[in-house]
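Here is a short report on one structure. Keep the sequence and the 3D view open while you read.

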Amino acid sequence: MLKKTPLNAVHKAARARMVDFGGWEMPVQYRGVIEEHLAVRHAAGLFDVSHMGEIKVSGPEALAFIQELTTNDASSLENGQVQYSALCYPHGGVVDDVTLYRFDAEHYLFCVNAANTDKDFAWMEEVLADGDFSGVLLHNVSDDFAQLALQGPAAEAILSRLTDRALTDIGYYRFHEGLVVGVPTIISRTGYTGEDGFELYFAPDSAEEVWKNLMDVGAEDGLVPVGLGARDTLRLEMKYALYGHELSNEITPLEAGLGWITKLDKPSFVGREALLKMKAAGVPRRLVGFAMTEPGIPRADYPVFVDGRQVGVVTSGTMSPSLRHGIGLALVETACAGIGTLLQIGIRSRKVGARIEKTPFVKK
Amino acid sequence: MEFPDELKYTEEHEWVLVEDGVVSVGITDFAQDSLGDVVFVELPEVGTVLEVGKPFGVVESVKAVSDVYAPVSGEVIEINEELQDMPELINTSPYEDGWMLKIKLADNVELEDLMDADDYQNFVEEEE
């Protein structure tokens, strides 16, 4: 039995194509992936991301616990700030990539990947039990939140019509708590598209009301509902990692290009020893972005060759709606990871030309 | 959704048009609608001999790769070169500008296994 978000009926009424995504029945597209993608790049799009998980951490030693649990340095966070981070296993593989919200010194919220929520929560309990953190409480509050992502250059103008909050005061990766159409909401200037925009967290029973109001007031700016299909192509154009593709138990954050959220100078965190060792020995593989130089569309698991020798594997690929040619991400041997390196992608029985490019693919 | 009467159809959602022993092939309106935006088409070379029921090429949407199967056996005598630059013709005109290839029919008997428009429409409605 697939799980449903509080907007399931709204999507079906809008004739969205629904798919099973990590155990959730989610809209993959409404009018079409390309149209929805371009709307987000040039106007605005509204995504139902209520499947995402939320886990609350509270208590006097919440920060100490989070510092041990995550790779990034949460001590630098101020109240009302968001941080992109990762949870690692002791061997350096990734449990999940997450965003961390700091409300105050004793109250934090993790937003985690839907399919990983139960695994993450169990892992957090394990790390908590192994350490010496007094009075830290963990709550899986995923069922308490609907989540919408309003993304695109018109996002701020649209949202401003439904809230008294001065949105210009909310900086990138900052959040405020305020009312949106009268509904108490966490208004977070974050997203997964590379565009300006917001992620909104609020009670599930208000989901239809918030969704419909946003769609109504956004119509004049070209706001459209956007499914998971365009969510994937948008993040790919930005080289944002997707768990299960660029990140996994078998891939470390150093390999995935997430060294910038891996603070090895922190005194301790789960996975630090293994990651220090990997860094000292030389990171064996790197995540690169590549563009096809010949006709063809790369897909996950296609082999990557240099001069006929396999040097890696595609982790994600698509036709870029913005660039109108094939793009992809691949984990390749570090010696072959330089920008400009000519690759061949094994597409069915052919080897098709590609080149490692600077990322993001789309300049913002 | 359109199901032109003059065409015959397969369970894999290809259509064929038979004219003087030459069979034009494409994918149906239902197929293109299910796929979404078609962004790449891979076709066999002219001269390739196809065997009924075997994949002859692929149609790729943004999200997925789908095989296309030969509705009849025979030699490929023409392919739609326009699909290389304009794969979206499959979405905008699945039965006309979005045709994929023409096959010189090897055996008339194979046509008897194909559905007519009414049967195919029923087949699609059951699948939905």
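Start in a loop of chain A. Val181(A) sits between strands β11 (175-180) and β12 (183-188). This is a predicted model. The backbone at Val181(A) has a phi near 40°, which is positive although the residue is not glycine. Val181(A) counts as partly exposed because 16 C-beta neighbours lie inside 10 Å.

**Backbone exceptions**

Most residues other than glycine have a negative phi, and most peptide bonds are trans. Asp307(A) is another non-glycine residue with a positive phi, about 50°. Its place is the loop between β16 (303-306) and β17 (309-319) of chain A. Asp307(A) has 9 other C-beta atoms within 10 Å, so it is exposed. The table puts the two loop residues side by side.

| Residue | Phi | C-beta atoms within 10 Å | Class |
|---|---|---|---|
| Val181(A) | near 40° | 16 C-beta neighbours | partly exposed |
| Asp307(A) | about 50° | 9 other C-beta atoms | exposed |

There is also a cis peptide bond. It runs from Thr359(A) to Pro360(A), with omega near 0°. Pro360(A) lies in the segment after β20 (350-357) of chain A.

**Helix α4**

Turn to α4(A). Its 14 residues should span 20 Å at 1.5 Å a residue, and its end C-alpha atoms are 20 Å apart, so the two values agree.

Which residues of α4(A) are buried? They are Thr117(A), Asp120(A), Met124(A) and Val127(A). These residues lie on the same side of α4(A), because they cover an arc of only 90° around the axis. The other side of α4(A) carries exposed residues: Ala122(A), Glu125(A), Glu126(A), Ala129(A) and Asp130(A).

What covers the buried residues of α4(A)? The cover includes strands β5 (53-58), β6 (81-88), β7 (94-104), β8 (107-112) and β9 (137-140) of chain A, along with helix α3 (62-69).

Phe121(A) also belongs to α4 (residues 117-130). It has 18 C-beta neighbours inside 10 Å and therefore counts as partly exposed. Leaving out residues up to four places away in sequence, Phe121(A) touches Ile55(A), Leu138(A) and Asn140(A). Gly194(A) is 73 residues from Phe121(A) in sequence, and their C-alpha atoms are 28 Å apart.

**The nonpolar core**

The largest nonpolar core has 128 residues. Which of them have the most contacts inside it? Leu148(A), Leu150(A) and Leu200(A) do. Take Leu150(A). Beyond its neighbours within four places in sequence, its contacts include Ala44(A), Leu46(A), Ala155(A), Ile158(A) and Leu159(A). Gly197(A), Phe198(A), Leu200(A) and Leu214(A) are also in contact with Leu150(A).

**A three-stranded sheet**

Three strands of chain A make an open sheet with mixed pairing, in the order β1-β3-β2. The edges are β1 (3-4) and β2 (17-21), each with a single partner strand, so one side of each has no neighbour in the sheet. β2(A) pairs with β3 (residues 24-29) in the antiparallel sense over five bridges. Asp20(A) has Glu25(A) in β3(A) as its bridge partner.

**Where the chains meet**

How many residues of chain B are in contact with chain A? Nine are, and they meet 11 residues of chain A. On the chain B side, four of the residues are nonpolar, two polar and three charged.

Technical notes:
Residues are numbered from 1 along each chain as its sequence is written. Chains are lettered from A and ligands numbered from 1 in the order in which they are written. This is a predicted model: local features need pLDDT of at least 70, side-chain atom pairs count only at pLDDT 80 or more; totals for chains, interfaces and linings use all residues. Helices (H or I, at least four residues) and strands (E, at least two) are DSSP runs, numbered from the N terminus. A residue is buried if 20 or more other C-beta atoms lie within 10 Å of its own, exposed if 12 or fewer, and partly exposed in between; C-beta atoms are placed from the backbone. Two residues are in contact if their C-beta atoms, placed from the backbone, lie within 7 Å. Ala, Val, Leu, Ile, Met, Phe, Trp, Tyr, Cys and Pro count as nonpolar, Asp, Glu, Lys and Arg as charged, and the others, Gly among them, as polar. A nonpolar core is a set of buried Ala, Val, Leu, Ile, Met, Phe, Trp, Tyr and Cys residues joined through C-beta atoms within 7 Å. The expected span of a helix is 1.5 Å times one less than its number of residues. The arc is that of the directions from the helix axis to the C-beta atoms. Two strands pair if DSSP finds at least two bridges between them.
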